[in-house]
Amino acid sequence: MSDNKSKTGFIKDALDKRKEEHRFRALKSLEPVFGTSRVLSDGKELINFCSNDYLGLSSHSEVIQRSNDFLQKYGAGSGASRLVSGTLDIHRQLEEKFARVLGLESVLIFNSGFQANTSVLSSLADRNSLILADKKCHNSLIQGAILSRAEFKRFNHNDLGHLGELLQEGAKKEYNRIWVVSETVFSMDGDQCDIEGLIQLSEKYDALFYSDDAHALGVLGEKGLGLNFGKKGIDISLGTFGKAFGSFGAFVGCSSEMKDYLINFCSGFIYTTALPPSVIGALDASLDLIPEMETERNKLLGHISYLKSRLKELGFSTGDSTSQIIPIIIGDEKNTLQLSEYLEENGILASAIRPPTVEQGASRIRVTVTLNHTEEDIHHLINTLEAWKER
Ligand SMILES: Cc1ncc(COP(=O)(O)O)c(C=O)c1O
């Protein structure tokens, strides 16, 4: 430690650097206007274009009702971790229902997607394994890979050729197992992986395949059941409940044997209190609703494709997005922040995503479209972006 620095000086230095680079992040406290796309920020009403509550289920009457029913019947907490006395009948029933609806052999519920990705991957690989993950994988998957102590390599985004080369190299070495890891819909770009291609390559090299379906679940795939739905050859299928399910938590779909393994070896499952009954009730209702929301999903998809085509006409780059996540790629941090501020001045909440979340030079406004948005909301966004361009 240098003489003139306090032992916590590194904190100020790091924060100052973040500010200089226009990468400093701060929390914003919002009050949602229940059941709408609006939020109040310091009393000002904004249209929220950065929520992952894609189907608006967090405020759906049946979701709230069942959450409340379970709360009244079982109390506010589950009281213990799953292996102690926290597995209530409702946890078991919900896992069985998920397995039935999604056509999976077994399902295990986790407390969050982050917790599942960091702990599942790290319990399924060790220092003799190889993990190959897409370069744009979510931070939770990267943390899981690092924690596992396996050799960890990233393949170029959606580049099956590069993955094939890495698999070929890996097959020549003495790894005890190889994992291929991808997201189905990438969280910051809204584009999709070639899931069939990933399954085929994994099978060709006898690798295990981990597929994170967080952003497709509820929105894409048959009956909105995600892009992993109905696919053979996925060893770990991950879904999260904080997005289209409108609540909180995550699940892993896998074989019964894998489920037993996770119950015995996955620390992020073992050493934490089970999800509370109110959350289980909300999830139970969302799972009933999602497959039935075909009309609503078509409306959402219509809004998404309209917004995307108008943005293209205005000359904005939305990358390869094929989903409700639409990046408006600006490039540098400062301009991206300025656009985010301009949108806010004009009644729109849309967050600026900057490095390290995305790579250098790829800062963007990440827009998400949800069922709560009206046509007027979408037109207002388009008009505001057009005005920003013409300033
Ligand atoms: C692809 C992906 N996986 C996992 C997670 C983490 O899920 P959760 O919010 O439930 O922790 C996210 C959330 O941002 C995500 O985008």
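Okay, housekeeping. Residues are numbered from 1 along each chain as its sequence is written. Since the model is predicted, local features need pLDDT of at least 70, side-chain atom pairs count only at pLDDT 80 or more, and totals for chains, interfaces and linings use all residues. Helices (H or I, at least four residues) and strands (E, at least two) are DSSP runs, numbered from the N terminus.

Let's start with strand E7, residues 178–183. Six of its six residues are buried, where buried means 20 or more other C-beta atoms within 10 Å of the residue's own, with C-beta atoms placed from the backbone. Ile178, Val180 and Ser182 point one way, while Trp179, Val181 and Glu183 point the other.

What does E7 pair with? Strand E5 (residues 130–134) runs parallel to E7, joined by four bridges, and strand E8 (residues 208–212) is also parallel to E7, with five bridges. For strands to count as paired, DSSP has to find at least two bridges between them.

Next up, helix H11, residues 277–289. Its 13 residues reach 19 Å from first C-alpha to last, close to the 18 Å expected, which is 1.5 Å times one less than the number of residues. Of the 13, 10 are buried, so H11 is largely enclosed by the rest of the structure. Among the buried ones are Pro277, Ile280 and Asp284. The cover includes helix H2 (61–74) and helix H4 (89–102).

Last, the open sheet: three strands, ordered E11-E14-E13, with antiparallel pairing. E11 (325–331) and E13 (352–353) are the edge strands, each pairing on one side only. E11 and E14 (residues 363–368) share six bridges, and Pro327 has Arg366 as its bridge partner in E14.

Leaving out residues up to four places away in sequence, Arg364 touches several residues, including Pro327, Thr336 and Ile353; a contact is two C-beta atoms, placed from the backbone, within 7 Å.

Terms used
Buried ≥ 20, exposed ≤ 12 C-beta atoms within 10 Å, placed from the backbone.
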